[in-house]
Amino acid sequence: MRNINKFQSKFTPRCSVSRPPIDIITIGLLAVTLLIAGCGTSTPDTPDAAPGDTSAVTASDTGDGETIKVTVVIQGKDSKQEFTRTDIHAGSTVEDVMRSIDEVPVTITGSGVTAFISEIDGVSTTSTEGWKYKIDGEHAEKGIGSTKLDAPATISWVFGSYEGE
């Protein structure tokens, strides 16, 4: 009887054909799969809504069409302004609400996860100061494009230093 080591079977060919390790083949197939998947069609991004444009948020975007009351308080250096919206759809983001404000000019750069308030009522963000917000008195944990509102809320904005956070 022939001596067979534990890595050979009686069906293993005896020729010494060099085969690449399975890991290289797997990585190669994975790379090709990802490349092909990236070449598919994509949905184009929708353009940023203009300040005061509430058409960007519809009942179909947020589910059942339930509306909630949202109060926006803007504490500037010398003034305090308050606006109430009763037509905000549950599931809307803080970004959606801020885009619906037309009583004061609000400049938002980016959209979605990159949305950022760069100016409210002529007061611009700098490298050391900017607009910070709270929801119902609690510091927000996410950006304005990621923070959804599902219940009545108060969004409070204050302009100040980024130091001490």
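A residue is termed buried when its relative accessible area is under 20%, exposed when over 50%, and partly exposed in between (1.4 Å probe, protein chains only). The structure is a predicted model, in which local features need pLDDT of at least 70 and side-chain atom pairs count only at pLDDT 80 or more, while totals for chains, interfaces and linings use all residues. Residues are numbered from 1 along each chain as its sequence is written, and side-chain values use heavy atoms, with hydrogens and water left out.

Tryptophan 131 and phenylalanine 159 are both buried. Rings of Phe, Tyr and Trp (its six-membered ring) are paired if their centres lie within 6.5 Å, with planes under 30 degrees apart classed as stacked, over 60 as edge-to-face and the rest as tilted. In the pair of tryptophan 131 and phenylalanine 159, the ring centres are 5.3 Å apart and the planes lie at 65 degrees, so the arrangement is edge-to-face. Because tryptophan 131 belongs to strand 7 (residues 129–135) and phenylalanine 159 to strand 10 (residues 153–161), the pair ties together parts 28 residues apart in sequence. Strands (E, at least two residues) and helices (H or I, at least four) are DSSP runs numbered from the N terminus.

Strand 1 (residues 67–75) pairs with strand 10 in the parallel sense over six bridges, and threonine 71 stands opposite threonine 154 in strand 10.

Note on methods. Pairing = 2+ DSSP bridges.
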